[in-house]
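Hello,

Here is the structure I said I would pass on. Please open it next to this message; my notes follow below.

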Amino acid sequence: MGSTKSKLIQLFKEQEDYLSGQRLAERLNVSRTAVWKNIKELEKEGFVFESLKWKGYKLLESPVSISPSEVQQSLDTIELGKKLFYFKEVTSTQERVHALAKEGYPHGTVVLAGEQTAGKGRRKREWSSLKGKGMWMSLLLRPPFPPAKAPQLTLVAATTVVQVLREFGVTAKIKWPNDIMIGDRKVCGILTEMQAEQDWIDYLVLGIGLNVNQNETEMPGELKKKATSLYIETGVESAIEDIVSCLLNRFEVELGRFYDKGFLPFQQEWQSSGYKTGEWVDVSTWKKPWRAKVTRIEEDGALTVLDEQGQEQRLYSAEILWNDHYYG
Ligand code: BTN
C-alpha cells in the first residue's frame, strides 16, 4: 500500500489527460482538500502540474531528481525504505544515516542523494558521485546478530546488487569483498560502517554507490578505464527510482534469508558470481604482495586462495591487488 502521494502519481501516469479533484478524491478515498495538499507537496518535490478550473489537474513533468514517492510506490517491503529521505546534495549519505541512527531512527531507514560532495569509499578513498547520475544510497540497519557477522552481510548485499543488475540486463561479478564489476570495470561499490560493542551491533550503515546513467565522457579522468555504468553497458538510461525499489525489495527478502539460515545459502550464489575465480592475483597483506589463486568463498565469508606453495590461505581483510584494476 503506497502513500496518497504515490497513488496520485500512479493515477496521473495511468491517464495522460486531466483528472478532476473530485475524481481523484473518489479514486483515493480522501477529501478534495487532501488531494490539493498532496499535489502542493508533489510540486515541492519538483512535479509540475497544469491546473484548469473545469478540467482538473494534468501532470506535465516529473522531477529529474529522485522522487521518494515514486520509490515508495513500488516498494513491497515491511521495513526497508519505510522511512526514506532524499537530499539533492549531501556531503555523504553515510554521514546522514549516522546522524539519523543517533537520533534513534529505525532499522530500514534509507537516505538517497542526488549528489554527494564528499562521497566515501572504503579505506578512506573518495567516491565520485556525479549529480543525478547514480544511485547514492545508505541504509540504516539494526541487525539482531553479533558484530562478527557484519562482513557477511556486506556479501549478501553484493549478491543482491548482482541480482538487481541482472534484472536490468547485465551480468556482473563480485570482486571480493564488495565491489561489483562488469567485465574488468567497476560499476558499484559497497561500504559498511558499524557502531558496535564487543558482542552487539548498535547499528550498521550500508552504503551502496551504483553508477547508473553516466556516459563515458562523464567518468572522471582517472576512472575512465576502471569504472563503468549501467548506461555505458546497455545504452539505455534507467530510472534510479526503479533500481532503488528493486534493490530494497530484494534486499529485504535476502536479509530475512540471512537472518534465518546464515551465509550458507548465499555461498553458492556468491561463488558463481565471483570475479576471477580460478585466476592468479596479487594479494597484499602486512607483508609484501604475494601471488595467489582465487579458489572459493567460505561459509563465514572469508576468501580462500591457494599460494604458490600450494597451501590454502583464508583471507579476511587483505587487499587483493586484482592486477591493477582496483579503484575505490
Ligand atoms: C567503495 O567501493 O570503496 C565503496 C563505495 C561506497 C560508495 C557509497 S555511495 C553511497 C554511500 N555514501 C558514501 O559516501 N559512500 C557510499
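**Cavities**

The structure, which is a predicted model, holds four cavities of 30 Å³ or more. The largest cavity has a volume of about 180 Å³. Its lining is made up of 20 residues, and those nearest the centre are Lys120, Trp127, Gly189, Leu191 and Gly209. Strand β8 provides the largest share, four residues. By type, the lining residues of the largest cavity divide into seven nonpolar, nine polar and four charged.

**Annotated positions**

Which residues does the UniProt annotation "binding site" cover? According to that record, an unreviewed entry, they are Gln116 and Lys186. The lining of the largest cavity takes in both Gln116 and Lys186.

Gln116 lies in strand β4. Its relative accessibility is 10%, so Gln116 counts as buried, the cut-off being under 20%. Leaving aside residues up to four places away in sequence, Gln116 touches Val90, Thr91, Ser92, Thr93, Trp127, Ser129 and Trp136. To one of these, Thr93, there is also a polar contact: the side chain of Gln116 reaches the backbone nitrogen of Thr93 at 2.8 Å.

Lys186 lies in strand β8. Lys186 counts as buried because its relative accessibility is 3%.

**Backbone points to check**

Most residues other than glycine have a negative phi, and most peptide bonds are trans.

A cis peptide bond joins Trp176 and Pro177, with omega at about 0°. Pro177 is in the loop between β6 (173–175) and β7 (179–182).

Asn29 is not a glycine, yet it has a positive phi of about 60°. Asn29 is found in the loop between α2 (21–28) and α3 (32–44). Is Asn29 buried or exposed? With 69% relative accessibility, Asn29 counts as exposed, since the cut-off for that is over 50%.

Lys124 likewise is a residue other than glycine with a positive phi, near 60°. Lys124 sits in the loop between β4 (110–116) and β5. Its relative accessible area is 85%, so Lys124 is exposed.

Regards

Definitions and conventions:
Residues numbered from 1 in each chain as written. Predicted model: local features only at pLDDT ≥ 70, side-chain atom pairs only at ≥ 80, totals over all residues. Heavy atoms only, no water. 1 Å grid on protein atoms, 1.4 Å probe; cavity = no way out; pocket = protein on both sides within 12 Å on 5 of 7 lines; lining within 4 Å. Points joined across faces, edges and corners; volume = space filled by probe spheres on them. Helix = DSSP H or I, 4+ residues; strand = E, 2+ residues; numbered from the N terminus. Nonpolar A, V, L, I, M, F, W, Y, C, P; charged D, E, K, R; others polar. Buried < 20%, exposed > 50% of the residue type's maximum accessible area, 1.4 Å probe, protein only. UniProt positions renumbered as here; feature names shortened; annotations may be inferred. Contact = heavy atoms within 4.5 Å. Polar contact = N/O pair within 3.5 Å; in protein donor to acceptor, adjacent residues only side chain to side chain.
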